Amino acid sequence: MSTTKKIAGAALAAALGVTALSACGGGDAKDKTAGTSDAPKSKTVTLVSHDSFNVTDAVLKEFEQQSGYTVKVLKSGDAGAALNQEILTKGSPRGDVFFGVDNTLLSRALDNGIFTPYEAKGLADVKPEYVLDKEHRVTPIDSGDICVNYDKAYFADKKIAPPQTLDDLTKPEYKNLLVVENAATSSPGLGFMLASVGKYGEEGWKDYWSKLKANGVEVVDGWEQAYNERFSGSAGGKKAKGDRPLVVSYASSPPVEVLYGEPQPAEAPTGVATGTCFRQIEFAGLLKGAKNEEGGKALVDFLISKKFQEDMPLQMFVNPVTKDAALPELFTKHGVVVEKPENVTPEAIAKNREQWVKAWTALVVK
């Protein structure tokens, strides 16, 4: 998956399948079925998403009442699996809007032509650095930073300063302490690999991973196993007796540990190595062939509205992309600001992703 909501574990996990998030609103606005001027007007708009989409009921109901549409969400596994299904059904999509394609997979979605261009109302309020597609086939919705997290108690007990940069992770004092996700099977795993590409370039990233391997890095299939089983600093990891005090997770993990702590701690038990991060941006787009194109446009507009953008952080544990959206106190008090995350352009990812993952697998896993 490509958002941080999974960090919250079962408390925020959503069931697979089609879910009507609320009843039909009472507004009078209606849409026209795309391509048929005299077709019956639909009051339902369908959002296809990865499993982590979530929104407060009251916020969604307000949109439904104002627009006249009922929103249904079709949850389809992680971001890669959801995107694959839309590519397979290109031209006859399962819904009207797709949410959840990120900058690591964006080129694949655009190259397959699954979106209809639409310049959303309110796009001028989105920070320009997040607008990666100038043709407006997709609209930025959220961002989050994939970063190494550390167990504060472990490093305090050992009287060792926690690592802060990618270079630090190769030092002897951090030998056998780091667990990462597989870049071939995990979104944060891929993001962390791309952080190394962004930092060290085509000539240096493989050498960096050789150093990490020599320093005892552990690789597991996905985030759930890494964070909730192997990492000693998370609530789940403590129960599982995890013994790795460093893990690839997200910059929003510490606020989540506070929110779901029992009892709720005054300070986060985990920290973020801010010099290890890769910025992930998620997008939504109007699906080509959508049955309810007008409803889809209204839904995309809603996703970048201030109401949704300010609701989103505590629902999906990601950051808003609009200029005027405020973060909740939980984020400002217990989160961190990553000033200079590593980045790789969508064009470079499109050109090299497969060969990078193959090279990483051969070097680190096999």
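**Helix α13 and the rest of the chain**

T361 is found in helix α13. Helices (H or I, at least four residues) and strands (E, at least two) are DSSP runs, numbered from the N terminus. This is a predicted model: local features need pLDDT of at least 70, side-chain atom pairs count only at pLDDT 80 or more, and totals for chains, interfaces and linings use all residues. Residues are numbered from 1 along each chain as its sequence is written, and side-chain values use heavy atoms, with hydrogens and water left out.

Start with T361 itself. Its relative accessible area is 16%, so T361 is buried. Buried means under 20% relative accessible area, exposed over 50%, and partly exposed in between (1.4 Å probe, protein chains only). Which residues does T361 contact, leaving aside its neighbours within four places in sequence? They are A184 and K366. Contact means heavy atoms within 4.5 Å.

Now take the whole helix. Helix α13 spans residues 346-365 and bends by about 60° at N352. The bend at a residue is the angle between axes fitted to the seven residues ending there and the seven starting there. N352 is also one of the buried residues of α13.

Two packed helices are described by the angle between their axes and the distance between the axes. The axes of α5 and α13 come within 11 Å and cross at roughly 30°. Axes are lines fitted to C-alpha atoms, for helices over the stretch in contact, and angles run from 0 to 180 degrees between N-to-C directions. α5 and α13 are therefore roughly parallel to each other. Angles under 35 degrees count as roughly parallel, over 145 as roughly antiparallel, 65 to 115 as roughly perpendicular and the rest as oblique. The crossing of α5 and α13 is left-handed. A crossing is left-handed if the near helix is turned anticlockwise from the far one by less than a right angle, and right-handed if clockwise.

The α5 side of this contact consists of L190, M193, L194, V197, E202, W205, K206, W209, S210 and K213. They meet I349, R353, W356, V357, A359, W360, L363 and V364 in α13. The residues of the contact of α5 with α13 divide into 13 nonpolar, one polar and four charged. Here Ala, Val, Leu, Ile, Met, Phe, Trp, Tyr, Cys and Pro count as nonpolar, Asp, Glu, Lys and Arg as charged, and the others, Gly among them, as polar.

Helix α1 (residues 57-67) and helix α9 (residues 293-303) pack with their axes 11 Å apart, at an angle of about 140°. α1 and α9 are therefore oblique to each other. Their crossing is right-handed. V59, L60 and F63 of α1 make the contact with A298, L299 and F302 of α9. By class, the contact of α1 with α9 has six nonpolar, no polar and no charged residues.

Next, look at E86 in helix α2 (residues 79-88). Is E86 buried or exposed? With a relative accessible area of 2%, E86 is buried. Leaving aside its neighbours within four places in sequence, E86 is in contact with V48, P93, R94, F98, I114 and L287. E86 and F115 are 29 residues apart along the chain, and their C-alpha atoms are separated by 9.9 Å.

The loops hold some backbone details. K159 lies in the loop between α4 (152-158) and β7. Phi of K159 is near 55°, a positive value in a residue other than glycine. K159 is exposed, with a relative accessible area of 76%. K241 lies in the loop between α7 (235-239) and β9 (246-250). Phi of K241 is near 60°, again positive in a residue other than glycine. K241 is exposed too, with a relative accessible area of 74%.

The loop between α8 (253-259) and β10 (270-287) contains P263. The peptide bond from E262 to P263 is cis, with omega near 0°. Y260 lies in the loop between α8 and β10. Y260 is partly exposed, with a relative accessible area of 32%. Y260 and A235 are 25 residues apart in sequence and 8.8 Å apart in space, C-alpha to C-alpha.

Finally, step back to the protein chain. The chain has 13 helices and eleven strands. Buried residues make up 55% of its 366 residues. Of the contacts with a separation of 6 or more, 77% are between residues 24 or more positions apart.
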